[in-house]
Amino acid sequence: MSNVEIGPIRPPSESRSLLIRLSRNCPWNRCLFCPVYKGENFSLRKKEDILREIDYLKEIFHSIKELLKKRSLYELSQEIESYFEFSRIEDVRRLLHWIYHNEFTVFLQDADPLFRKKEELIEIIGYLKSSFPEIKRITTYGRGSTIAKYSLDELIKLKEAGLNRVHTGLESGSDEVLDLVCKGVKSEDIIIAGKKLKTAGIEYSLYFMPGLGGRRLSKKHVAETLYVINNAEPDFVRLRTLGLNEGIPLFELVKDGSFEVQSEEELVSEIKSLIEGININTCLTSDHSLNLLMEINGRLPQDKESMLKKIDKFLNLPAETRLKFILARRHYEVFELNEFLSFKNYKTDFEYEKIKCLSEQERDLLFLSLRSQNL
Ligand code: SF4
C-alpha cells in the first residue's frame, strides 16, 4: 500500500529515481505501436495533491535520516515496521532505495507532464527541488510537439526551477513512418525542441525505434531519423526495438499483411546504419531488453568503431550460430553475444532443430512474439 500515486512506466535509465506523478496517462494516446495507456483517460493531477505528496515524502525522508544517525541502512531496512506505520511502509522502502543508490534523481510521470500549465509546472518542480536539496537531477517525459510550443524563456525558467533532462519518444525521424503509426508529431517539432532545450541548458534524450518502418520503409526510417538526430543534437540516443503483440493496434496491420516485420538481423542492421550516420557528439545506449544486442553502448564519435565491431561480429556469425544466439537471447538465457560465445550448451539449442525449418517470415514473427512477451 502506498500513499503516493505512481504511474505505470518510467525509462530504464530512471530505475533508481524517485517517481513523482504529475499527470495520468497520455494526452495523445493514439500511437499504434504503444500498449501503455490504451483505454485510459488523460488527466492532470491537482497541483495541491502533488505538493502534499512531496511534503509527505519529505517528512518520511527526514525521519529516515534521523534514524540513520544511529543505525545502518541495512539495519533500518530490517526494522522498518518498528518505526513506521503500516500504511507508510511501501513509501519508506521507496525512499530507502533512493538513499541506498545515493544518486538522488527524480523522474516525473506520466507520458507528458510538460502538457500542464507552464507556471504550475515551474512551481511544482521548484517546490520539489527546494523540499529535497539533495536532488541531483530531475527528468521528465515530454512529447516533441509539446516541447516545441514552449518559448525559450519558459524552458529557461524550467531549467532554473530544477528540470535537467527530457526524454522524448522520437521513434522515427520519417514523417511517413510517424504518420503510419499515428504518432501525432512532425519530425520538425523534434528538431525545434532539441534546439530550444539545448539553448535552455536542458539535456535531451531521444528514443529511436528500430523496426517501426517495417520492411517497406526501413531505409527511409533510418535515413530521415539520422537527419533529425544530427540536427536536434540530443545528448542521448536510446534504442528501443519494436515489440508488438495481440491488443496493440499495429499488430492488426501485421496480421492483415500490410505491415511486414523485419528479421532480427535487419533490425540490427538498422542500428548499424544509424550509428554509422550519426555525426554529432552524443551518447548511444541500448538499455531496453527489447533490443537484441544490449552491449551496444558508448559515446559518439569516439566509440563508433567499437560499437560497429560488436554489430559486425553478430552479423558475420555463421547462420546456425547466429540463430542459436537469437534464440538464447530471446529466451533470456544470455544478454550479450560474448556471453553466448563463451558457453556452448544452451537449453534453447534444442529449439534450433524445430525452427531451422521455418520460413523466414515465420521466424520473424516468432522472434517478434518472443521479444514482446513482457509488454
Ligand atoms: S505519445 Fe507516448 S505514451 Fe502516448 S501513445 Fe504515443 S508512445 Fe504511447
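Reader: At what angle do helix α12 and helix α13 pack, and how many Å apart are their axes?

Author: Quick caveats: this is a predicted model, where local features need pLDDT of at least 70, side-chain atom pairs count only at pLDDT 80 or more, and totals for chains, interfaces and linings use all residues. Residues are numbered from 1 along each chain as its sequence is written. Helices are DSSP runs (H or I, at least four residues) and strands are too (E, at least two), numbered from the N terminus; axes are lines fitted to C-alpha atoms, for helices over the stretch in contact, with angles from 0 to 180 degrees between N-to-C directions. For α12 (residues 264-277) and α13 (residues 304-315), that gives about 160° and 10 Å.

Reader: Are α12 and α13 roughly parallel or roughly antiparallel?

Author: Under 35 degrees counts as roughly parallel, over 145 as roughly antiparallel, 65 to 115 as roughly perpendicular and the rest as oblique. The angle here is about 160°. So α12 and α13 are roughly antiparallel.

Reader: Which residues of α13 does α12 meet?

Author: Contact means C-beta atoms, placed from the backbone, within 7 Å. From α12 come E265, V268, S269, I271, K272, I275 and E276. Their partners in α13 are K304, M307, L308, I311, F314 and L315.

Reader: How do α9 and α10 run, roughly parallel or roughly antiparallel?

Author: Helix α9 (residues 187-200) packs on helix α10 (residues 214-232) with axes 8 Å apart. Their angle is about 20°. That makes α9 and α10 roughly parallel.

Reader: Which residues of α10 make that contact?

Author: α9 brings S187, I190, I191 and G194. On the α10 side, you'll find E224, V228, N231 and A232.

Reader: How far apart are the C-alpha centres of domain 1 and domain 2?

Author: The bounds come from an automatic or database domain assignment. That assignment gives domain 1 as 1-141 and domain 2 as 143-151 + 163-317. Their C-alpha centres lie apart by 28 Å.

Reader: Which element gives the largest share of the side of domain 1 that touches domain 2?

Author: The contact takes 19 residues from domain 1 and 22 residues from domain 2. On the domain 1 side, α5 (118-131) and β5 (137-141) each supply at least two residues. The largest share, 5 residues, comes from β5.

Reader: Which residues surround the ligand?

Author: A residue counts as near if its C-beta atom, placed from the backbone, lies within 6 Å. The shell holds C26, W28, N29, C31, C34, V36, Y37, A111, R143 and G169.

Key
Two residues are in contact if their C-beta atoms, placed from the backbone, lie within 7 Å.
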